[in-house]
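Here is a quick tour for anyone starting out with protein structures. Have a look at the picture, then follow the notes below it.

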Amino acid sequence: SCCYHGDMAEELPIAKSTLSQHLKELRNAGLIQGNITPPTIKYCINQENWHIAKSLFEKLLTTPALEEKCN
């Protein structure tokens with residue numbers, strides 16, 4: 001799955017600078033890849049890293065909560 005920065009900016013109700021910052025963080029985390037071909041930037045999901053992250057989150061969210069209470 002790939003999307004162009006400009007297309008995402010038109011669809012999402014956030015500032016372009018905010019979108020750029022979020023995309024930068026996702027790219028730094030290795031979850032997306034960016035292809036820059038001026039004047040466009042195309043972002044694609046890094047399938048391998050996405051599946052790893054999904055697996056880690058599934059494990060985290062399905063692990064039973066500790067029985068210990070916080071008072």
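**Starting at Tyr-4**

Leaving aside residues up to four places away in sequence, Tyr-4 touches Thr-40, Ile-41 and Lys-42. Keep in mind that you're looking at a predicted model. The protein chain in it has three helices and three strands, and Tyr-4 belongs to strand 1, which covers residues 2-4.

**More on Tyr-4**

- How far apart are the C-alpha atoms of Tyr-4 and Tyr-43? They're separated by 6.1 Å, although these two residues sit 39 residues apart along the chain.
- Tyr-4 counts as partly exposed because its relative accessibility is 39%, and partly exposed is the band between under 20% (buried) and over 50% (exposed).

**The chain as a whole**

- The protein chain has 71 residues, and 17% of them are buried.
- Take the contacts in the protein chain with a separation of 6 or more: 31% of them come from residues 24 or more positions apart.

**Strand 1 with strand 3**

- Strand 1 and strand 3 pair in the antiparallel sense, and three bridges link them.

**Strand 2 with strand 3**

- How many bridges does the pairing of strand 2 with strand 3 span? There are six bridges between strand 2 (residues 32-37) and strand 3 (residues 40-45), again in the antiparallel sense.
- You can follow this pairing residue by residue: Gln-33 has Cys-44 in strand 3 as its bridge partner, Asn-35 stands opposite Lys-42, and Thr-37 is partnered with Thr-40.
- A hairpin takes the chain from strand 2 to strand 3 through two residues.
- Pro-39 is found in that loop between strand 2 and strand 3.
- Pro-38 and Pro-39 are joined by a cis peptide bond, with omega at about 10°. For background, most peptide bonds are trans.

**The nonpolar core**

- Which residues make up the largest nonpolar core? There are six: Met-8, Ala-9, Leu-19, Leu-23, Ile-32 and Tyr-43.
- Helix 1 (5-11) and helix 2 (16-28) are the elements that give two or more residues to this core.
- Leu-19, one of the core residues, touches His-5, Met-8, Ala-9, Leu-12 and Ile-14, if you skip residues up to four places away in sequence.

**A look at Asn-46**

- Asn-46 sits in the loop between strand 3 and helix 3 (47-62).
- Is Asn-46 buried or exposed? Asn-46 is buried, because its relative accessible area is 16% and the cut-off for buried is under 20%.
- The side chain of Asn-46 reaches the backbone oxygen of Gly-30 at 3.5 Å.
- Beyond residues up to four places away in sequence, Asn-46 touches Gly-30, Leu-31, Ile-32 and Gln-33.

Note on methods
Residues are numbered from 1 along each chain as its sequence is written. This is a predicted model: local features need pLDDT of at least 70, side-chain atom pairs count only at pLDDT 80 or more; totals for chains, interfaces and linings use all residues. Side-chain values use heavy atoms; hydrogens and water are left out. Two strands pair if DSSP finds at least two bridges between them. Helices (H or I, at least four residues) and strands (E, at least two) are DSSP runs, numbered from the N terminus. Buried means under 20% relative accessible area, exposed over 50%, partly exposed in between (1.4 Å probe, protein chains only). A polar contact is a pair of N or O atoms within 3.5 Å; within protein, one must be able to donate a hydrogen and the other to accept it, and residues adjacent in sequence count only if both atoms are side-chain atoms. Contact means heavy atoms within 4.5 Å. A nonpolar core is a set of buried Ala, Val, Leu, Ile, Met, Phe, Trp, Tyr and Cys residues joined through side-chain atoms within 4.5 Å.
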